[in-house]
Amino acid sequence: MWVLKCDVRKFFVSIDQDVLLRILEKHILDQDILNLLSEIIGSFHTEESKGLPPGNLTSQLLVNVYMNEFDQFMKHQVKAKYYIRHADDFVIFSDNKEQLKTVLLQISAFLEFRLRLKLYPDKVSIQTVASGVDFLGWTHFPDHRVLRTVTKKRAFRNIREKEGGAGNGGVVSRAYEARKCLQVTRED
């Protein structure tokens, strides 16, 4: 089994606001709502009519509406049987490596011409599932998954920073001690 793994380049700042508004117009008939959404979308941009603010809750919703166009393409045109997407990261599984190479060309063309997005060339790969699929903070294997090392280090760093923070009432410290006890128990 093979997996094609892709990531959209500079996702939130690359969203084309004009394309997004056209997509919204297909689904929303109320002009007042469209005007409000247009104002929200236009309140942020990195260059002319590009981008959504990455931290806004409305951005999370709007990028899913935007990428639904891609999801529909994957389902109806590509007919990808095993396709998973989270925001701008996605994977496609297949028994045929050559088919994934062909699908990659279709994906690149659709993203560029329909949604005006590009893939990160360095973050596109086709590999065997048995070698592990690095996706959403985990490395997934056929029979188990492992937390990505950088994710684990970041989590421990955040715990240490919170332990040192004033006014946490020792909650984080108690959770850390409980985890250490649990690890000792497992080792016995």
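User: What should I know about the model before I start?

Analyst: It's predicted, so local features need pLDDT of at least 70 and side-chain atom pairs count only at pLDDT 80 or more, while totals for chains, interfaces and linings use all residues. Residues are numbered from 1 along each chain as its sequence is written, and side-chain values use heavy atoms, with hydrogens and water left out.

User: How many salt bridges are there by the rule used here?

Analyst: The general idea first: a salt bridge is a side-chain nitrogen of Lys or Arg within 4 Å of a carboxyl oxygen of Asp or Glu. Here that gives 8 salt bridges.

User: Which residues are linked with Asp 16 in a network of salt bridges?

Analyst: Lys 50 and Arg 116. Take Lys 50 to begin with: its side chain meets that of Asp 16 at 3.9 Å, N to O. Asp 16 sits in the loop between α1 (11-14) and α2 (17-27) and Lys 50 in the loop between α3 (31-42) and α4 (57-78), so the pair ties together parts 34 residues apart in sequence. As for naming, helices (H or I, at least four residues) and strands (E, at least two) are DSSP runs, numbered from the N terminus.

User: And the Arg 116 contact?

Analyst: Asp 16 and Arg 116 meet at 3.0 Å, N to O. Arg 116 is in the loop between α5 (97-114) and β4 (125-128), so this pair joins parts that are 100 residues apart in sequence.

User: Is Asp 16 buried or exposed?

Analyst: Buried means under 20% relative accessible area, exposed over 50%, and partly exposed in between (1.4 Å probe, protein chains only). Asp 16 is buried at 5%, and Lys 50 is buried at 16%. Arg 116, at 41%, is partly exposed.

User: What does Arg 148 form a salt bridge with?

Analyst: Asp 134, with the closest N and O atoms 2.8 Å apart. Arg 148 is in the loop between β7 (145-147) and α6 (149-164), and Asp 134 is in strand β5 (residues 133-135), 14 residues apart. Arg 148 is partly exposed at 26%, and Asp 134 is partly exposed at 29%.

User: Let's turn to strands. In which sense do β1 and β3 pair?

Analyst: Two strands pair if DSSP finds at least two bridges between them. β1 (residues 2-7) and β3 (residues 89-94) pair in the antiparallel sense over 6 bridges, and Val 3 has Phe 93 in β3 as its bridge partner.

User: What do β2 and β3 form?

Analyst: A hairpin with 2 residues between the strands; Ala 87 in the turn has a positive phi of about 55°. β2 (residues 82-86) pairs with β3 in the antiparallel sense over 5 bridges, and His 86 has Asp 89 as its bridge partner in β3.
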